[in-house]
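Visitor: I'm new here and would like a walk through this one. Could you take my questions as they come?

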Amino acid sequence: MTEQAIPARPPLWRNVRVLRVFGQIVFVLAVVYVLRELFLNMQFGFRRQGITLDFDFLQQRAGFDLSEGIAYGPNSSFWRAIRVGVINTIRVAVSGIVLASILGLLIGVGRLSTNWLVRNVARVYVEIFRNTPVLIQIIFWYVAVILPLRLVGEDGEERLFFLSNRGLAVPWLRGRPGAGSWVPWLLAGLVAAVAVWWWRTRVNERTGRPHHRAPLALLALAAVAAAGYLAAGGPFDIELPAIDRGAYAGGVKVSGEFAGVLFGLVFYTAAFIAEIIRGSILAVDKGQKEAAMAMGLTRFQQLRLVVLPQALRIAIPPINSQYLNLTKNSSLAAAIAFPDLVQVSQTVINQAGRPFQIIIIVMGTYLILSMIISVLMNVANRAVALRGTRR
Amino acid sequence: MKRDWGAREDVALEAVAAKEELAVTEAPSARDLTPAQWVKENLFSTPFNSVLSVVAGLLAGWLLYAVLRWAFGTADWTVVKTNFRLYMIGRFPIEEAWRIWMGLYYVVLLVGLTWGQAGRRLTWDAMHIVRRSVLAILGVLLLLYLVDSPLVWSLMGGLVAAYLAGVGVGRIGRGRTMRRIVWAGWLLAFPFVIVVLQIADGVGPLRWNGFLLNVLAGVVGIVLSFPIGIVLALGRRSSLPAVRTVCVALIEVVRGAPLFAWLLFGVFLLPFLLPPGVQLPQIIRVMIMFTVFSSAYVAEIVRGGLQGVHFGQYEAARAVGLSTTRMMALVILPQALRNTIPAMISHFISLFKDTSLLAVIGFIDMLRAARIASASVKFIGSSRQTLLFAALIFWIVAFSMSRWSQRLERRLGVGER
């Protein structure tokens with residue numbers, strides 16, 4: 001074997017670096033060619049039907065009505081209609097995420113209960129709701145539960161909540177005139193809470209006695225706030241929903257469609273969140289709990305200081321993807337004619353006949369929504385992530 | 001490693017050490033409890049637990065009572081019985097139904113063969129027998145209510161016979177040849193069904209309705225998205241920046257929008273993207289969208305699996321002189337895919353559930369069949385029953401798939417080294 005036998009450089013067609021660059025150029029050209037072909041096909045097809053690819057049509061009069069959302073009428077523009085849809089989607093997604101998290105947490109903890117009954121009720125819940133299509137659940141809530149419920153009752157009758165084909169009404173706070181005088185009291189309460197927190201921490205550091213700072217600080221806040229509430233002469237009323245001539249009055253009201261979508265999404269997603277919560281609590285190494293026990297922490301302290309922080313770290317990424325799923329699944333609202341983004345877009349496509357632009361808008365909106373949720377969840381993730389592994 | 005120190009204080013240290021070496025992972029054997037002890041321990045161990053038990057018991061009992069009273073008392077299920085065929089095959093012409101039966105027989109025979117040649121023993125402990133017989137009795141009762149036709153009954157009996165015959169033949173002819181036959185059979189299963197449905201003046205895709213449509217759309221999505229997803233995942237991990245960028249963009253854009261939006265894309269926009277003169281039936285376009293959507297998710301799952309393969313495996317494969325292709329095919333992908341089984345099956349379950357979206361874009365799938373059934377004047381106000389029945393069928397399929405996935409996971413030892 002002589003050294004001359006190895007050429008200083010391989011020929012071009014065997015040089016890996018050249019091949020890689022060349023291969024990528026070919027790949028990019030192929031992708032660009034395919035995209036260009038698709039675009040030209042589309043342009044040709046639309047031109048033949050006399051449809052342009054610009055966004056000017058958004059200013060035209062829409063001519064259809066939407067059942068709920070921000071101010072809108074048939075004379076509003078297509079653009080306004082789409083904005084109504086976007087805001088309705090956000091309303092459903094945000095309230096769905098909040099409620100599904102609460103329910104999912106309860107059921108997930110229930111799955112791990114030492115109580116046989118609670119454990120199995122939670123398990124049955126998860127198995128039922130996780131394994132049926134969310135679309136059927138949404139339609140079921142709306143068509144089979146909410147629509148057959150008629151609004152019965154006398155005029156002026158008040159109840160804790162109403163659920164009927166008129167929608168869902170729940171109690172809400174209503175401020176009286178002069179409610180603003182309560183705000184300084186609230187601020188004072190916060191200051192008191194911080195002071196108590198600081199004081200208890202010092203006591204604990206100096207004497208080693210248990211600090212109980214969280215409940216005591218909350219107590220201080222509650223005491224000052226309650227005193228202020230009385231001093232301000234009851235600035236708020238809790239307003240119960242009531243019936244007024246066959247409709248709701250008072251409280252907060254959402255339409256039957258909104259309630260249907262919300263119930264469907266919340267019950268479905270909660271089953272998945274419950275499984276994530278359960279899985280991540282189980283995934284915390286058993287030694288951690290045993291070590292906490294050995295150090296003499298109470299059961300609650302074990303959970304709060306040792307198990308939950310670690311479980312949260314495992315749970316946040318999959319919960320993030322459940323939030324994204326819920327947001328995307330809110331598009332199924334269209335099946336029961338709730339005017340969300342997709343339902344409005346479908347109507348706009350039928351009226352204005354510009355599928356390309358509308359679908360671009362829809363996809364863009366969902367991408368932005370997904371990104372916002374992911375960014376928020378990343379912030380949460382960074383707060384609980386292991387130091388040194390932040391990515 | 002589960003150890004119960006309190007219960008084993010008297011166990012000699014060597015025994016514990018030996019146990020540790022054997023890495024016993026099952027729980028300590030359950031103590032025998034009298035029913036009274038069991039109730040005390042599991043329901044009333046602390047005051048808080050007692051309150052919880054009473055509240056949960058009352059709530060669950062009331063709910064169960066209300067549901068059962070409605071289901072077996074108030075509710076009239078004739079609407080489901082009358083429309084059972086609509087649920088299953090929708091408007092598929094009845095005189096052509098033999099095509100579906102033929103496909104069913106093919107698949108059932110194949111399942112039998114597969115089971116037989118795998119040669120696994122059934123577990124016959126009491127728990128299993130009880131559970132299986134309860135399930136079987138429930139299934140037969142349900143079918144007894146739903147199906148009247150003696151022809152359908154004998155055909156279903158034939159299915160059971162075909163399954164048993166498959167198991168027998170598979171077990172007797174166990175070996176390499178049989179394995180090859182089974183593999184070939186599965187590869188040909190989908191083309192076979194499609195051909196049988198259409199051959200000799202058959203039934204076109206427009207009349208594949210009902211549950212049949214859900215199953216076909218689900219299977220197409222699963223089968224086609226699997227290889228595409230693997231390619232996308234490999235592309236996303238490629239060392240070539242151009243390939244990587246394109247794959248990332250594709251995956252993220254597809255995952256960013258809801259499936260419903262993509263189906264609308266398939267209905268409204270896809271016809272314009274095709275070359276002029278080329279026309280695809282709507283159902284094909286929708287199935288393409290299912291595949292595209294599912295591929296992006298499969299790609300992410302496979303990527304997770306690939307990341308779980310230790311880099312030493314790559315180096316070892318390189319060291320024995322495998323080319324990149326062979327390294328991927330023979331060393332990396334088998335390990336990566338094994339790790340993805342749970343995630344993959346749960347994705348396929350959700351894809352199958354998502355086929356109910358066909359109802360919203362104008363196809364007569366099972367959900368739409370349910371809506372049609374309760375829309376007739378004769379059965380007005382029966383949407384609870386019709387929807388629940390559709391949900392029940394989806395539930396049976398999804399639940400048994402998830403159970404199967406759990407068993408597979410245990411058998412393949414996913415997550416264990």
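Visitor: What distance should the 23 residues of helix α9 of chain B span, and how far apart are its end C-alpha atoms?

Guide: Keep in mind that this is a predicted model, where local features need pLDDT of at least 70, side-chain atom pairs count only at pLDDT 80 or more, and totals for chains, interfaces and linings use all residues. Residues are numbered from 1 along each chain as its sequence is written, while chains are lettered from A and ligands numbered from 1 in the order in which they are written. Helices (H or I, at least four residues) and strands (E, at least two) are DSSP runs, numbered from the N terminus, and the expected span of a helix is 1.5 Å times one less than its number of residues. For residues 176-198 of chain B that should give 33 Å, which agrees with the distance between the end C-alpha atoms, 33 Å.

Visitor: Where does α9(B) bend?

Guide: The bend at a residue is the angle between axes fitted to the seven residues ending there and the seven starting there. In α9(B) that angle is about 45 degrees, and a proline, Pro191(B), follows the bend within four residues. The place is Ala189(B).

Visitor: Which residues of α9(B) are buried?

Guide: A residue is buried if 20 or more other C-beta atoms lie within 10 Å of its own, exposed if 12 or fewer, and partly exposed in between, with C-beta atoms placed from the backbone. What covers the buried ones in α9(B) includes α6 (98-118) of chain B. They are Val182(B), Val193(B) and Leu197(B).

Visitor: Over in chain A, what do the buried residues of α11(A) pack against?

Guide: α11(A) runs over residues 355-384, and its 30 residues should span 44 Å, which agrees with end C-alpha atoms 43 Å apart. Its buried residues include Phe356(A), Ile358(A), Val362(A), Tyr366(A) and Leu369(A). They pack against α1, α2, α9 and α10 of chain A, together with α11 and α12 of chain B.

Visitor: Is Val86(A) buried or exposed?

Guide: Val86(A) is found in helix α2 of chain A. Two residues are in contact if their C-beta atoms, placed from the backbone, lie within 7 Å, and Val86(A) touches Leu341(A) and Thr365(A), not counting residues up to four places away in sequence. Because 22 other C-beta atoms lie within 10 Å, Val86(A) is buried.

Visitor: And Ala337(A), how many other C-beta atoms does it have within 10 Å?

Guide: Ala337(A) is found in the loop between α9 and α10 of chain A. Its phi is near 60 degrees, a positive value in a residue other than glycine. Ala337(A) counts as partly exposed because the number of other C-beta atoms within 10 Å is 13.

Visitor: Which element gives the most to the side of chain B that touches chain A?

Guide: The contact takes 43 residues from chain B and 45 residues from chain A. Elements giving two or more residues to the chain B side include α2, α3, α11 and α12 of chain B. The biggest giver, with 10 residues, is α17(B).

Visitor: How many residues on that side of chain B are nonpolar?

Guide: Ala, Val, Leu, Ile, Met, Phe, Trp, Tyr, Cys and Pro count as nonpolar, Asp, Glu, Lys and Arg as charged, and the others, Gly among them, as polar. On the side of chain B that touches chain A, nine are polar and three charged, and the nonpolar ones number 31.

Visitor: Which residues touch the most other members of the largest nonpolar core?

Guide: A nonpolar core is a set of buried Ala, Val, Leu, Ile, Met, Phe, Trp, Tyr and Cys residues joined through C-beta atoms within 7 Å. Helix α7 of chain A gives the largest share of this core, 17 residues. Among the 146 residues of the core, those that touch the most other members are Ile138(A), Ile139(A), Phe260(B) and Ala390(B).

Visitor: Where in chain B is the pLDDT below 50?

Guide: pLDDT is the predictor's confidence in each residue, from 0 to 100, and chain B averages 80, with 90% of the residues scoring at least 70. Where pLDDT is low, the predicted coordinates should not be read in detail. The stretch below 50 is residues 1-24.
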